[in-house]
Amino acid sequence: MIKAGIVGGTGYTGVELLRILAIHPEVEVACITSRSEAGIAVSDMYPNLRGYYELAFTEPDIDVLASCDLVFFATPHGVAMRMAPELLARGVRIVDLSADFRIKDLDVWARWYGMPHETAEWAEKAVYGLPEVARDAIRDARLVANPGCYPTAVQLGFLPLLENGLIRTGHLVADAKSGASGAGRQANVGMLHGEVGESFKAYGASGHRHLPEIRQGLELAAGGKVGISFVPHLVPMIRGIEATLYAELETPEDFDRLQSLYEGRFRDEPFVDVMPFGSHPETRSVRGENTCRMALHRQENSPVVIVTSVIDNLVKGAAGQAVQNMNIMFGLTEHAGLRAPALLP
Ligand SMILES: NC(=O)C1=CN([C@@H]2O[C@H](COP(=O)(O)OP(=O)(O)OC[C@H]3O[C@@H](n4cnc5c(N)ncnc54)[C@H](OP(=O)(O)O)[C@@H]3O)[C@@H](O)[C@H]2O)C=CC1
Ligand SMILES: CC(=O)N[C@@H](CCC(=O)OP(=O)(O)O)C(=O)O
């Protein structure tokens, strides 16, 4: 059994890791931290986990964490950057769900995250953990930077177009919407039911911290500069992200082969589902599931290809993808612990 530790076990992504790992056949959660809930049993705080765990939350302790084979950081930005180097030096492998190691240009990172980066060495060595792009590098990685939720939905949707040089890359558009769990579990007036319910708004339209992460991934796929406008929206639901993506084809005749191109690109991917042309994937079709489900569209004779892409922000957008990365790192079946259909309705 792989011994796993979780730093930040009381947040939404931490408890989602616990839910997934509860049925993982090859992982034992040996330690789970929370400073505010230290001493409280996991099953007292989360009754859905009664009967699965006898653990209690503990204060983060490097020596205890160092006895694990792998540690997940499900903490706010800035925590993994400070704690990871010692664990890595002691041979522990890490999957970081925060953004600490996602961006290679540390000046860009510092600008968007409002603090200087403290470990350039590990930021350089970290592997950006989008399995559909970097599976081989993830296998051998000591430190995996788990992608952000919006960046997962947006990058997967654009990948085949960019990898094949089929679109004009000057001005892509990603119009994305998220449920409120994307903002985490900490108290925040803007996330109260009375503020989010029965309302809908864009936010971060002049710039969101996921923009540089998305651009980095798209440029890697394109092998050159990519311009993109990314606007996130908050919708009155709990889980789920829908991203509607727009790009202009260089050669509109290429429309005829797009569907088979997408199906071929993702045929061997266990967690990407390309629906028939013109379908409308819904967030509820992936609720609780580690899947990115997408479909292609065209309006009349337009040269613009539209891709609609949905994920569960807490699963393929966070904890599920983190477990997928762990499975790859330890040579396990990639879908171990992750095969369960979504909850409907
Ligand atoms: N919510 C989402 O959809 C997604 C979130 N993420 C990222 O995953 C990370 C966790 O997100 P989420 O679960 O929503 O966050 P929450 O705010 O809900 O939870 C944060 C957790 O970290 C712990 N924590 C906070 N500060 C520290 C610290 N200094 N040292 C150790 N532990 C700390 C908290 O417990 P305590 O304070 O008791 O120690 C809590 O358990 C974030 O970086 C987030 O951006 C990534 C993708 C999607
Ligand atoms: C609805 C909402 O507030 N979403 C969050 C993004 C989700 C997230 O946690 O971002 P990371 O993946 O980078 O950690 C936001 O816009 O800040």
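Trainee: Why is C149 called buried?
Mentor: A residue counts as buried if 20 or more other C-beta atoms lie within 10 Å of its own, as exposed if 12 or fewer do, and as partly exposed in between, with C-beta atoms placed from the backbone. C149 has 29 such atoms within 10 Å, so it is buried. This is a predicted model, in which local features need pLDDT of at least 70 and side-chain atom pairs count only at pLDDT 80 or more, while totals for chains, interfaces and linings use all residues. Residues are numbered from 1 along each chain as its sequence is written, and chains are lettered from A and ligands numbered from 1 in the order in which they are written.

Trainee: What does UniProt place at C149?
Mentor: An unreviewed UniProt entry gives the feature "active site" there; such annotations may be inferred rather than shown by experiment, and positions follow the numbering used here, with feature names shortened.

Trainee: Which residues surround ligand 2?
Mentor: Among them are C149, S178, G182 and H210; the criterion is a C-beta atom, placed from the backbone, within 6 Å of the molecule.

Trainee: What makes strand 12 largely enclosed?
Mentor: Five of its six residues, 292-297, are buried, so the rest of the structure largely encloses strand 12. A strand is a DSSP run of E with at least two residues, numbered from the N terminus.

Trainee: In which sense do strand 12 and strand 13 pair?
Mentor: Pairing requires at least two bridges found by DSSP; strand 12 and strand 13 have five, in the antiparallel sense.

Conventions
Helices (H or I, at least four residues) and strands (E, at least two) are DSSP runs, numbered from the N terminus.
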